[in-house]
Amino acid sequence: MVSNLQRTIAFSPPDISETEIAEVVDTLKSGWITTGPKTKLFEKKLSEYTGAPKTACLSSATAAMELVLRLLEIGPGDEVITTPYTYTASASVIDHVGAKIVMVDLAPGSFEMDYTKLAAAINEKTKAIIPVDIGGRLCDYDAIYKTVNEKQNLFKPSSELQKLFNRVVVLADSAHSFGAKYKGKISGTIADFTTFSFHAVKNLTTAEGGALQWRGDVGLDDEWLYKQIMLYSLHGQSKDALAKTKAGSWEYDIIYPAYKSNMTDITAAIGLAQLARYDGLVKRRREIAAVYDRVLKPAGIIRLEHKSGASASCCHLYLARVPGIGVQERNGIIEKLALAGISANVHYKPLPMMTAYKNKGFDIKDYPNAFAQYQNEITLPLHTLLSDGDAEYVAVNLLKAVGEI
């Protein structure tokens with residue numbers, strides 16, 4: 001029986017232990033706080049964890065996505081496909097490089113884009129697709145690759161890197177899915193390029209930060225690609241600060257007037273400690289999700305399935321949907337949860353409902369399935385600081401609020 005005593009349930013606080021604190025203190029005492037030895041070690045450990053050939057740590061997943069688009073030389077006159085059901089970063093990076101944003105609606109009753117409509121969105125201007133692994137569950141990459149390969153005859157490469165792929169490039173927004181698996185393969189090794197977020201609310205955090213990984217079986221020169229990403233992320237400077245500290249090695253060149261999106265050793269230190277604990281953190285998330293499932297599934301609440309078929313999620317978000325209600329009723333439920341001390345959220349308000357994308361001509365009426373998912377979606381707290389009792393308290397109060405509609 002769940003206690004009726006009021007609780008305070010935060011939505012997604014970071015799980016910071018003494019291990020992370022000790023790593024950061026060690027970094028501060030080392031005298032090296034920007035990109036340096038701990039960032040390079042973190043990259044190495046991330047590659048070991050996923051099996052990707054290389055990892056480039058950056059300031060955010062957003063930066064990683066944009067740098068890939070720029071490295072591919074995607075720009076004005078090109079098109080990039082993504083989903084309307086995501087955070088703005090998945091689409092804003094397309095706009096940053098001057099390409100046209102193309103959105104494919106979700107499949108009915110799904111948080112993934114409708115792969116049966118993907119083919120119709122690909123034309124001679126299409127250079128990349130940015131699928132989104134929402135909630136920690138990987139997309140159906142078999143369906144994505146099947147479609148881009150079937151449309152290979154339409155692909156018109158306009159750079160040497162595009163010629164290497166000779167098809168639409170798959171650039172995964174895997175901000176939610178570090179550690180998730182699809183048909184036995186782990187995120188980071190499935191899409192052509194995979195971008196991770198280590199923001200404060202993510203399963204693995206560096207406070208702010210992200211990383212880029214790529215497949216090792218498409219003919220990429222891993223060392224060249226890594227150096228290019230480092231170049232693009234540090235003003236186009238030919239040497240980073242670590243390299244310049246070597247005796248007599250002060251001189252550098254600016255190869256390209258580039259960007260500033262490097263990771264620091266302070267944030268990498270947090271990441272090293274988090275990575276060492278990561279399997280345990282994900283295990284606990286799965287346990288909390290199982291508590292929610294046990295209480296909510298019999299009551300008819302629709303949930304994103306974190307373990308089904310070919311996909312094994314890392315349980316980043318617990319997305320629940322209340323059948324038969326609209327936006328007003330959904331918002332009322334969230335307010336009632338707040339009165340019970342529970343912080344809930346919505347993932348996501350579709351991009352065509354946002355001012356920036358309305359101003360670009362997008363209309364939510366063109367994305368009915370995305371709106372249908374949004375109008376009754378409630379994201380429940382899912383983090384490692386919750387007890388089983390906390391999870392039961394959240395679930396019981398959700399059912400109480402639904403019953404009061």
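Helices (H or I, at least four residues) and strands (E, at least two) are DSSP runs, numbered from the N terminus. This is a predicted model: local features need pLDDT of at least 70, side-chain atom pairs count only at pLDDT 80 or more, and totals for chains, interfaces and linings use all residues. Residues are numbered from 1 along each chain as its sequence is written, and side-chain values use heavy atoms, without hydrogens and water.

**View 1. The largest pocket holds about 520 Å³ of space.** Of its 29 lining residues, the closest to the centre are Tyr 87, His 176, Val 201, Lys 202 and Tyr 348. (A pocket is an open set of points on a 1 Å grid over the protein atoms alone, where a 1.4 Å probe fits, with protein on both sides within 12 Å along at least five of seven lines; lining residues have an atom within 4 Å of a point. The volume is the space filled by probe spheres set on the points, which are joined across faces, edges and corners.)

**View 2. Helix H3 (61–71) and helix H4 (89–96) each supply at least two residues of this pocket's lining.** The largest share, 3 residues, comes from H3.

**View 3. An open sheet of 7 strands runs in the order E1-E9-E8-E5-E4-E2-E3.** Its pairing is mixed. (Two strands pair if DSSP finds at least two bridges between them.) Strand E1 (55–58) and strand E3 (100–103) are the edges, each pairing on one side only.

**View 4. Strands E8 (residues 193–197) and E9 (residues 210–214) run antiparallel, joined by 5 bridges.** Phe 196 stands opposite Ala 211 in E9.
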